[in-house]
Amino acid sequence: MGYGKTEIALRAAFKAVQDSKQVAYLCPTTILAQQIYNNFVERMKGFPVGIRLLSRFQSGKELKKSLEELSHGRADIVIGTHRLLSKDVHFKNLGLLVVDEEQRFGVSDKERIKSLKENVDVLTLSATPIPRSLVKLLYGAVPYLLLSEKPANRLPIKNALLSTGDREKAFSFIKKELDKGRQAYIICPLVEENENLSVESVTAYQKNLKQYFGKDYSFAVLHGKMKAGEKEQVMQDFSSGKTRILLSTTVVEVGVDVANATVMLIENAERFGLAQLHQLRGRVGRSELQSYCIFMDHKEDEKSQKRLSIIRDSNDGFAIAKEDLALRGPGDLFFGERQSGPLQF
């Protein structure tokens with residue numbers, strides 16, 4: 001949520017390289033991996049540190065070169081997605097493994113990580129640990145550091161919980177922010193319409209944006225079915241301010257850092273977990289500008305309202321993770337693959 005987790009990981013990686021060790025930085029999405037890679041390259045510019053990006057979108061030639069450099073120790077830091085967990089990835093002297101957004105990885109992924117970390121230090125990063133991980137922290141099975149202070153001049157995000165009848169009110173508020181020169185996110189659960197689900201989709205929602213915002217406010221669409229190059233171009237346009245509204249699925253949940261984006265509208269908020277809602281909300285409030293998050297509840301029953309009021313009333317990711325744990329249960333702590341659910345010893 002912009003509290004400095006990446007900064008800690010960056011400094012730990014630099015220290016590991018200074019000690020002649022290699023570093024693996026594992027990310028859940030290509031967008032996040034690309035952003036982390038850009039940050040590392042920029043921050044370590046001028047130092048003799050070899051940084052590589054590894055993803056499924058690389059050409060065969062690029063991939064082969066990166067794998068060879070890793071195995072022979074000519075690459076110091078490698079940043080990648082699940083591709084890092086493939087059996088053909090070998091390190092000469094791995095010393096540090098960083099797992100970013102730990103809550104996005106399943107138990108099977110974490111079992112694969114174990115095979116990488118014999119005599120290797122492991123640093124996991126998360127703003128909202130899943131119930132299983134949180135219980136391990138609370139039981140003392142894993143040491144942790146809690147970053148509780150925001151960077152200077154950051155203002156708390158202001159939250160609102162609305163019903164579908166208030167959508168025009170939400171659009172009106174977004175327009176006011178856009179008129180100040182700001183940018184906005186609108187999040188939908190689905191890419192395309194599904195006749196079996198009464199849920200907002202990115203493809204259908206475009207009509208709402210065209211109807212209300214017209215041609216005066218440019219918007220772009222982002223979702224997981226797009227090609228890597230298309231997604232990168234959309235993000236570049238949004239980061240540069242060329243696009244004012246980004247209509248997206250949850251692919252922006254982690255790693256997207258646009259300081260000028262000050263408002264987010266999340267449709268069908270009742271369909272997301274509390275931790276995921278907090279992660280999404282973390283895309284705004286990343287500068288000294290006042291930011292806002294609007295949760296649109298389509299269900300509007302007492303249970304849904306009670307659960308969503310937790311995220312409305314708190315910006316504390318650790319506190320929200322505890323509430324999520326109380327609602328969903330810890331799952332299988334040490335045996336089994338459930339990451340939530342009733343505790344069974």
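The N-terminal end of helix α2 is capped by T29, a side-chain oxygen of which lies 3.1 Å from the backbone nitrogen of L32. Polar contacts are pairs of N or O atoms within 3.5 Å; within protein, one atom must be able to donate a hydrogen and the other to accept it, and residues adjacent in sequence count only if both atoms are side-chain atoms. The structure is a predicted model, in which local features need pLDDT of at least 70 and side-chain atom pairs count only at pLDDT 80 or more, whereas totals for chains, interfaces and linings use all residues. Residues are numbered from 1 along each chain as its sequence is written, and side-chain values use heavy atoms, with hydrogens and water left out.

The protein chain has 11 helices and 11 strands, assigned as DSSP runs (helices H or I, at least four residues; strands E, at least two) and numbered from the N terminus. Of its 345 residues, 50% are buried, that is, under 20% relative accessible area, with exposed meaning over 50% and partly exposed in between (1.4 Å probe, protein chains only). Contacts (heavy atoms within 4.5 Å) with a separation of 6 or more are made in 75% of cases by residues 24 or more positions apart.

Helix α2 comprises 14 residues, 30–43, and reaches 20 Å from its first C-alpha to its last, close to the 20 Å expected at 1.5 Å a residue; the expected span is 1.5 Å times one less than the number of residues. Its buried residues are I31, L32, A33, I36 and F40. An α-helix has 3.6 residues a turn, so residues three or four places apart point the same way. The cover over the buried residues of α2 includes helices α1 (5–18) and α8 (228–240) and strands β1 (22–26), β2 (51–54), β3 (77–80) and β8 (219–222).

Helix α8 also contains K231, which is buried at a relative accessible area of 11%. Apart from neighbours within four places in sequence, K231 is in contact with L222, H223, G224 and M226. The C-alpha atoms of K231 and V221 are 8.9 Å apart, at a sequence separation of 10 residues.

Two helix pairs were examined. The axes of α6 (residues 167–179) and α7 (residues 202–213) come within 11 Å and cross at roughly 60 degrees; axes are lines fitted to C-alpha atoms, for helices over the stretch in contact, and angles run from 0 to 180 degrees between N-to-C directions. In this contact, R167, E168, F171, S172, I174, K175 and L178 of α6 meet Y205, N208, L209, Y212 and F213 of α7. The axes of α9 (residues 274–281) and α10 (residues 302–312) come within 10 Å and cross at roughly 35 degrees.

In strand β10 (residues 261–266), T262 is buried with a relative accessible area of 0%. Its side chain makes a polar contact of 2.7 Å with the side chain of E177. Beyond four places in sequence, the contacts of T262 include R182, Q183, V284 and Y292.

S287, in the loop between α9 and β11 (292–297), is likewise buried, at 9% relative accessible area. A polar atom of the S287 side chain lies 3.1 Å from the backbone oxygen of A259, and the backbone nitrogen of L289 lies 3.2 Å from a polar atom of that side chain. Not counting residues up to four places away in sequence, S287 touches R154 and A259.
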